[in-house]
Amino acid sequence: MYPFAFDPSLPFVQQASDWIADVFYEKLPEAGFEIRDEQIYMAFQLERAYRDKQTIFAEAGVGTGKTFVYLLYAITYARYTRKPAIIACADESLIEQLVKPEGDIAKLARHLDLTIDARLGKSPDQYVCLNKLDEARSAGDVDHEWAERYQEIYRGLPDFVRTPDTLQSFQPYGDRREYADLTDEQWARIGWDVFQDCLVCSQRHRCGQTLSREHYRRSADIIICSHDFYMEHVWTFEARKREGQLPLLPAHSSVVFDEGHLLEPAAQNALTYKLKHAVFETIITRLLEGEVRETLAVAIERAIEQSDSLFAALGRYSRKVPASDRRDIELSGELTREVNRFRDLLSAIEEELVFESGLFTLDAYQLTIVEEHIEMLQLALGLFVRPERLITWVQEDQDGLTLVVMPKQVQEILKERVFSQRMPIVFSSATLSVGGSFDYIAQSLGIDDFLSFSVPSPYNYKKQMRAELWPDQPGTDKIKLVLDSLNRSAGRALILFPSRDELHDFKMRLGEYKEAEAFRIMFEGTAEISSLISAFQHDEHSVLCAVTLWEGLDIPGPSLSNVIIWGLPFPPKDPVFEAKRMDSRDPMAEVDMPYMILRLRQGIGRLIRTREDEGIVMIMGNALHDEEVRRQVLALLP
């Protein structure tokens with residue numbers, strides 16, 4: 001069970017730490033790995049966190065081998081407690097990199113002769129929704145080529161999905177990665193989304209998402225998921241218990257937040273409520289399918305009418321944000337009254353349901369679903385009582401308006417539900433501190449008591465990296481500058497964009513440049529992201545353009561010899577960051593600059609991944625004309 005001889009009379013963590021030290025001093029060097037002082041220092045620091053069951057900020061530069069360290073502690077501690085560890089990565093592409101055949105888990109298993117039970121807990125939106133696939137196959141507005149591909153996907157599903165056959169053993173299917181050729185837009189037509197009502201879905205027991213959940217729960221060592229998925233587990237834990245469902249994740253022994261500086265937005269996303277009139281009407285009218293009292297039927301009809309009125313008011317009191325599907329809301333007195341009327345009618349339904357449940361005329365399962373949905377609506381709309389603690393906006397698409405609501409601050413909830421647990425929690429990243437202090441991340445997450453350390457990268461950046469700053473100039477053709485840089489590096493480049501709009505604009509304009517045809521240029525969004533990363537790594541002279549790969553991308557060797565930063569990654573002008581700016585005394589110094597510096601450090605870190613790597617970082621953007629911005633950017637460079 002343990003990879004070392006365990007003595008029950010001695011503290012387990014101390015014995016595990018001694019074995020891990022042997023791994024880094026002897027076992028891995030015998031397999032050809034170098035001894036890294038920084039890695040060994042990190043191992044002794046993590047011993048404190050596991051021994052005392054504390055939260056630790058583990059800031060370790062590129063090349064320290066931090067993943068090996070946290071994996072060894074997580075696996076051994078999981079076996080000691082007989083509960084798996086959770087490794088939460090920033091997004092799905094980082095999950096894939098951790099478990100790829102040449103990834104760190106495979107290396108440890110091979111060189112230490114370990115059998116590691118590592119299973120993936122992917123987010124629901126990474127799976128095919130069988131209902132949406134059925135709709136896409138028959139939809140009249142689907143392009144012919146897309147329709148053919150959707151039919152092909154359906155025909156490729158396991159037999160037990162399409163026929164009454166019985167599932168004999170676990171058979172994973174429906175993962176986004178299996179359909180790597182689909183663009184993000186094509187996937188959106190068949191992938192799960194938050195408006196799917198899985199509890200009453202007739203296909204839920206044949207659903208790839210459901211089956212994968214049953215599989216990863218049985219992991220003995222580690223479950224690997226995204227930050228978003230872990231936070232969704234936290235926020236839905238109590239509700240799922242009330243509904244008679246298992247939590248998304250099983251009881252676990254420790255948590256590692258890889259790229260932990262990105263946890264706060266994941267927490268806010270998980271606490272985000274999305275409300276649609278059509279969804280409310282569909283769910284609430286289920287109650288009318290049985291024998292109900294007239295007072296309940298009237299209350300339901302009035303609530304539906306008020307919901308329709310509320311969304312009409314949202315249309316009137318919101319204004320479209322240019323180049324976005326978002327509409328900013330003006331919190332007027334009339335809109336507040338519409339919200340309060342709707343809440344009162346929901347309360348009336350809740351009171352009626354108390355009487356109705358005693359008559360046993362309603363299906364108990366359907367009743368639970370409706371009650372949970374009403375509770376969610378009340379929680380979301382209740383935030384309007386304190387608008388100063390609220391972030392809200394409206395999204396508009398072909399299906400109408402969606403009201404998006406989230407609390408402005410998540411610190412109190414995180415403190416109560418995550419950081420008050422007596423459990424080792426590790427934040428691992430090369431960029432956790434700002435100006436040598438961990439206060440920025442600790443305060444944003446509501447962490448009062450923590451351990452911390454910082455170790456630098458062992459690489460010689462002055463020798464291995466060359467940096468160029470290119471402030472935007474009137475009349476300068478930025479795309480021509482990029483193509484010139486690609487010519488000098490023979491491709492082999494990652495181009496990072498601060499936003500999807502800038503990536504899209506670059507892609508559209510690139511077609512005007514004949515010299516771009518000399519390169520294989522790939523774009524995030526045109527296929528599943530891990531397949532793009534693999535193609536980039538194995539086609540040495542290719543170019544990858546991305547928005548989400550500032551963190552975690554690990555491409556050693558000549559395939560990545562040029563990192564081009566199209567613009568400094570300041571936070572977007574979205575409702576979340578606008579709220580942060582409004583609450584700060586100096587938005588630039590307290591919000592925009594720390595975010596930009598952390599993300600820029602991560603982007604620059606994509607270039608040098610081994611002692612042999614070398615290359616160039618090219619940083620562009622109009623913000624470089626600002627003296628303070630330029631000073632802080634230069635401070636990051638060798």
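Tyr25, Ile35 and Phe44 make a nonpolar surface patch of about 290 Å², where patches are built from residues with over 30% relative accessible area and no salt bridge, nonpolar side chains (Val, Leu, Ile, Met, Phe, Trp, Tyr) being joined within 5 Å and like charges within 9 Å. Accessible areas come from the Shrake-Rupley method with a 1.4 Å probe, and for residues only the protein chains shown count as cover. Phenylalanine 44 is placed in helix α2 and is partly exposed, with a relative accessible area of 38%; buried means under 20% relative accessible area, exposed over 50%, and partly exposed in between (1.4 Å probe, protein chains only).

The model is predicted, so that local features need pLDDT of at least 70 and side-chain atom pairs count only at pLDDT 80 or more, whereas totals for chains, interfaces and linings use all residues. Residues are numbered from 1 along each chain as its sequence is written, and side-chain values use heavy atoms, with hydrogens and water left out.

A negative surface patch is formed by Asp18, Asp22, Glu26 and Glu30, with Asp and Glu counted as negative, Lys and Arg as positive, and His and the chain ends not counted. The place of a charge is taken as NZ of Lys, CZ of Arg, CG of Asp or CD of Glu. Glutamate 26 belongs to helix α1 (residues 12-30), and its relative accessible area of 44% makes this residue partly exposed. Helices (H or I, at least four residues) and strands (E, at least two) are DSSP runs, numbered from the N terminus.

The structure holds 35 salt bridges, each being a side-chain nitrogen of Lys or Arg within 4 Å of a carboxyl oxygen of Asp or Glu.

Aspartate 448, in the loop between α18 (439-445) and β12 (451-455), and lysine 415, in helix α17 (residues 411-419), link distant parts of the chain, 33 residues apart. Aspartate 448 counts as exposed at 64% relative accessibility, while lysine 415 is partly exposed at 36%. Because glutamate 551 lies in the loop between β16 (543-546) and β17 (562-565) and arginine 599 in helix α24 (residues 587-604), their pair ties together parts that are 48 residues apart in sequence; both glutamate 551 and arginine 599 are buried. Glutamate 578 and arginine 581 are separated by about one helical turn, because they are three residues apart in helix α23 (residues 575-582). Of this pair, glutamate 578 is partly exposed with a relative accessible area of 32%, and arginine 581 counts as buried at 9%. Salt bridges that share partners also join Glu34, Arg36 and Arg611 into one network.

The structure holds zero disulfides, a disulfide being a pair of cysteine sulfur atoms within 2.5 Å. Cysteine 89 is in no disulfide, and the nearest cysteine sulfur, that of cysteine 225, is 7.7 Å away. Cysteine 89 counts as buried at 1% relative accessibility, and cysteine 225 counts as buried at 0%.

Lysine 53 lies between α2 (37-52) and β1 (55-60), and alanine 490 between α20 (478-489) and β14.
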